[in-house]
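Please look over the sequence and the 3D model below before reading on.

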Amino acid sequence: MPLHDARAAALLAWVNSTKVCTHPLDDLSQLQDCSIFIRIINKIHRSKEGESVLEQPLPERISFIRGFLERHCKHKSATENLVLAQKLLEGEELALAKVAVLLLYYTSMSCKSPEDWNEFDYKTQVELASILKFVLDNEESLDENLEMFLQRKAPLSSSSTSSSSSEEHSPLFSLPHKREVRFLELRKIASSSDANIPLPSAPSSPMGDVMQTPQFQLRRLKKQLAFERENRDELEMELAENRKLVTEKEAQITMMQQRIDRLALLNERQAADQLEPKEMEELREKNESLMVRLHNTLKQCQDLKTEKGQMDRKINQLSEENGDLSFKLREIASHMVQLQEALNELSEEHNAALAQSQEKQGQLEGELCAALQEKKYSEEKIEILQGKISLLEDQLAKLGDCSTQEKGEVVGDILKLEELKQEVSSLTTKGAELQATVLRLEEEKQLQEAALQSERSCFEEEKQQLSGLVASLQSSLSESHQARERLEQDLRAWEASEPQG
């Protein structure tokens, strides 16, 4: 089954946006030598470890790419089945698309902000957002579902890509009294994170919408925290190695001091035995050489102790910052979960209110239609009866000069005429009542529509305010990102100053 054209085009647009290829690509098959993937990894990972791999054969390049995906893309157990080396060797477009999807996911988690996606047109952003949302929703089963998602036009499951569209087409209002209480609760939740942050406007792009969801931000924070823990573990390993080196140097100093003591004792004994001047000179030179080595070793040991003290302070500082970052992560994650639950409850209440309103409106429209039909029928019947009355009145007027016998014959027509007038009067009264009913029903329908429109406007306004509250939580996430940058700077500074060899 061929790839979905729009998703393949969106992935190509993203690859071209990385600016790692000399000429823009127009087909996924142009990625089959895997060199562009390696350049993308070097760029987003801020590393040059893949430079040497570019000079190696294709199997080594594929091994490097798969190793990177296993280490950094959270799919360690699934990578072996998700990205098959043999398929990449054969240049299969589906396998190339899978690698592009995983790198897109890693890039969005690592260094992309919502504004960085504005360089893409709206259609491309929609496809990229659907890909990113699918990976978020199917992380544990990508090896089963990603292939079908990249090939099918329709989303693989309702949970994979329908969230953004359901948010766009979801009902926009709910019951007034519950909505006000719920909104106050949401504002209280967000304000506990940062009460002084202004409420910015809602995201204006599909990728921005996905990247500002609590699910995405929580996943990004977890990834950053895991990265910080790895950095701390590496620093602790380096510190342990330095401590071991200091211990070894101290042992060497002890051994050399013992040798010097033995040489000094031997020197005393030789002096007592009146050794020859030549032997004494050799012994003195050897002793001086050992003293020089001892002083150098002592100086080196002192330098190592100084560096060890600096490393201890660095580790303590990094541990404190990492603890602060972990606490803030748990706090923000808790806030986001509460916010998401409240939004879900608000949406459910709105759906129930919308269904009830639609049912009421349908009932009113049915009653109005029935009343209009009955009014029309009554009006037609009145017209017919009035025609009959006019005809009988004409006939009675013509018979006014007839004999008494003939007048007696038309008495029945006169009674028939009176009955028609009474029926017309009754129908006229009923018509007036129906007219009043129609006016009442039309007024109720207009009021219902006005209420629905008002509820929609209120719900839309509060949705924008809630988006602002989510954005205020985003500022807290930015603080965590700055903390991570400080840790990286400290790590680079320590690496530049660590002893060589």
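**From the chain to its charged patches**

The protein chain exposes about 28,900 Å², of which carbon and sulfur atoms supply 50%; accessible areas come from the Shrake-Rupley method with a 1.4 Å probe, and for residues only the protein chains shown count as cover. This is a predicted model, in which local features need pLDDT of at least 70 and side-chain atom pairs count only at pLDDT 80 or more, while totals for chains, interfaces and linings use all residues. Residues are numbered from 1 along each chain as its sequence is written, and side-chain values use heavy atoms, with hydrogens and water left out.

Of the 501 residues of the chain, 39% count as buried, that is, under 20% relative accessible area, where exposed means over 50% and partly exposed lies in between. The secondary structure comes to 15 helices and 0 strands, taken as DSSP runs (H or I of at least four residues for helices, E of at least two for strands) and numbered from the N terminus.

On the surface, Arg-259, Arg-262, Lys-286 and Arg-293 gather in a patch of positive charge. The elements that give two or more residues to this positive patch are α12 (214–272) and α13 (277–398). Arg-259 is found in helix α12 and is partly exposed, with a relative accessible area of 39%.

Helix α12 also holds Asp-233, which counts as partly exposed at 37% relative accessibility. Asp-233 gathers with Glu-230, Glu-234 and Glu-236 in a patch of negative charge on the surface. Patches of charge are made of residues with over 30% relative accessible area and no salt bridge, like charges being joined within 9 Å; a salt bridge is a side-chain nitrogen of Lys or Arg within 4 Å of a carboxyl oxygen of Asp or Glu. Lys and Arg count as positive and Asp and Glu as negative, without His and the chain ends, and the place of a charge is taken as NZ of Lys, CZ of Arg, CG of Asp or CD of Glu.

Methods: Patches are made of residues with over 30% relative accessible area and no salt bridge: like charges are joined within 9 Å, nonpolar side chains (Val, Leu, Ile, Met, Phe, Trp, Tyr) within 5 Å. Buried means under 20% relative accessible area, exposed over 50%, partly exposed in between (1.4 Å probe, protein chains only).
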